[in-house]
Amino acid sequence: MVQLPRNYIEWLSERVRPEVVQRFAAGLQEPSPVSIRMNPAMLPADAEPDGAVGRVPWCPEGVYLQSRPTFTADPLLHAGAYYVQEASSMFLAYALRQLHADSEGTYRSALDLCAAPGGKTTLMRAVLPDSCTLVANEALPKRADILAENIAKWRAQNTICTNAQAEELGRMQGVFDLIVADVPCSGEGMFRKEPDAVEGWSIEAVERLAELQRSIIADIWPALADGGTLIYSTCTLNPLEDEANVHWIASQLGADIVRLSVPAQWGIIGDATPSAAAATAETDMLSLDCCHLLPGYVQGEGFFLAVLRKHGQSDITVAIESLTKAKSSKSSNRAKGRERTDSHHSKPQRTPYAQQAARPALPPLLAAVAARVRTLPTDTLQVSTGTPLVEVSLTDALRYLQRESIALPADTPRGTVQLCYQGRQLGPAKNLGNRANNLYPKEWRIRSQHIEAHTLFALPESCTAVQHTLQHGATTAAPRSK
């Protein structure tokens, strides 16, 4: 039984339609659903994890599970084959796909502004075209480290991880034609999962957060190209952080609210304020100017999303060219100064082999961004083209992720090799012949020694061959029998 904050229902009922509040409060008393989102580049579309009980309606790659397994013990999680993500937040995938289908989303550059721990970044990377340059940013250094780790495991291409304030990125005027801002919020949708969200809730906190959210959007607004798309989202219900802020962005910063068409049977509702009529449809579709996915209505924790289009005609090509050409010594000195200033932050981890591996040059836009703000490495697991691939057993895969020593097959080539489980890359090792040095990043190791290895996906043999992540010309050694 979730104990809601004192005076919460009374306060919310003055701002949200009573029937919505009642249904939301009842939904919070139901068990939390468990869901994952598969990496379409690593798993076939029809893959079914163990314990699957249905697909997430608005995200084909999303799967509900009957219960919550020990995800940490599954090597495929660490290989980036799937991501543990709350189902309602996967609605971002539907919004992006609809914008693209409506010819509103031919994106060349995108920013995930408040990106940690990486759920929306990896979703965006899977949905957006490979040609779209993606910047994933997190303002808090420790959370940025986690974001970089998840980007690396997802094997995200054409993507960079930054650790900067919105104001810093906002100085890069007009370079993004898509910005996703999942802003810090009061987390009402997290009440049944995170007791801290209940304990930390107060009217004063909501008001402070609403002001912070507006400040963040105002800071990043210059970086959005004229005619560009802003996707604003929270995991809360109250209109101070949702509807009111969306209308503030539209009226004060200059944008049009873009309506989304959603199937009525999904249970998604629009504007929940008393002055707004409940959306109904004579057809199977609803046209909503904002979308609430709430417990009691959908299988999920709670999510709010609205789409806005910035006024003006985009000239993003000129903006990007201007940014990429501006590589003056002044900006270089600023970057060096930041490096000294940020020396107290946790240092980005790099394995010995990664320092030696040949790295492709960053695309021009990513290089220009990296010259201006702090970036974190996301190539920690990369190896050089032609590196031998070694398939390991389930047990050895877990031991490797715990950073223990494992014995490799006798015919494994000497030197750096890439270990794989079911054809999906885990990370590097250095084979010395009689033993192999474990090169998995120390900071990422599984610390628990008391978990039993398992996997959600028992893939057929045709799916276990090394796929997109394997470098051209690589050779594969067979797994050591157990």
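**Exercise 1. A charge over a ring**

Identify the ring over which the charged end of R23 sits in this predicted model.

*Solution.* The ring belongs to Y297. The charged end of R23 is placed 4.0 Å from the centre of that ring. A charge sits over a ring if, for Arg, CZ is within 6 Å of the ring centre and within 35 degrees of the ring normal.

**Exercise 2. Aromatic pairs**

Determine how many aromatic pairs the whole structure holds, and classify the pair W58 and W266.

*Solution.* Step three: W58 belongs to the loop between β2 (52–56) and β3 (59–65), while W266 belongs to the loop between β11 (260–263) and β12 (285–288), so the pair ties together parts 208 residues apart in sequence. Step four: both W58 and W266 are buried.

Y8, W11, F191 and W201 form a cluster linked by ring pairs.

**Exercise 3. The largest cavity**

State how many cavities of 30 Å³ or more occur, and describe the lining of the largest cavity.

*Solution.* Step one: the search of the whole structure returns three cavities of 30 Å³ or more. Step two: the largest cavity contains about 50 Å³ of space. Step three: its lining consists of E243, V246, H247, I257, D271, D289 and C290.

Note on methods. Residues are numbered from 1 along each chain as its sequence is written. This is a predicted model: local features need pLDDT of at least 70, side-chain atom pairs count only at pLDDT 80 or more; totals for chains, interfaces and linings use all residues. Side-chain values use heavy atoms; hydrogens and water are left out. On a 1 Å grid over the protein atoms alone, a cavity is a set of points where a 1.4 Å probe fits but cannot get out, and a pocket is an open set with protein on both sides within 12 Å along at least five of seven lines; lining residues have an atom within 4 Å of a point. Grid points are joined across faces, edges and corners, and a volume is the space filled by probe spheres set on the points. Rings of Phe, Tyr and Trp (its six-membered ring) pair if their centres lie within 6.5 Å; planes under 30 degrees apart count as stacked, over 60 as edge-to-face and the rest as tilted. Helices (H or I, at least four residues) and strands (E, at least two) are DSSP runs, numbered from the N terminus. Buried means under 20% relative accessible area, exposed over 50%, partly exposed in between (1.4 Å probe, protein chains only).
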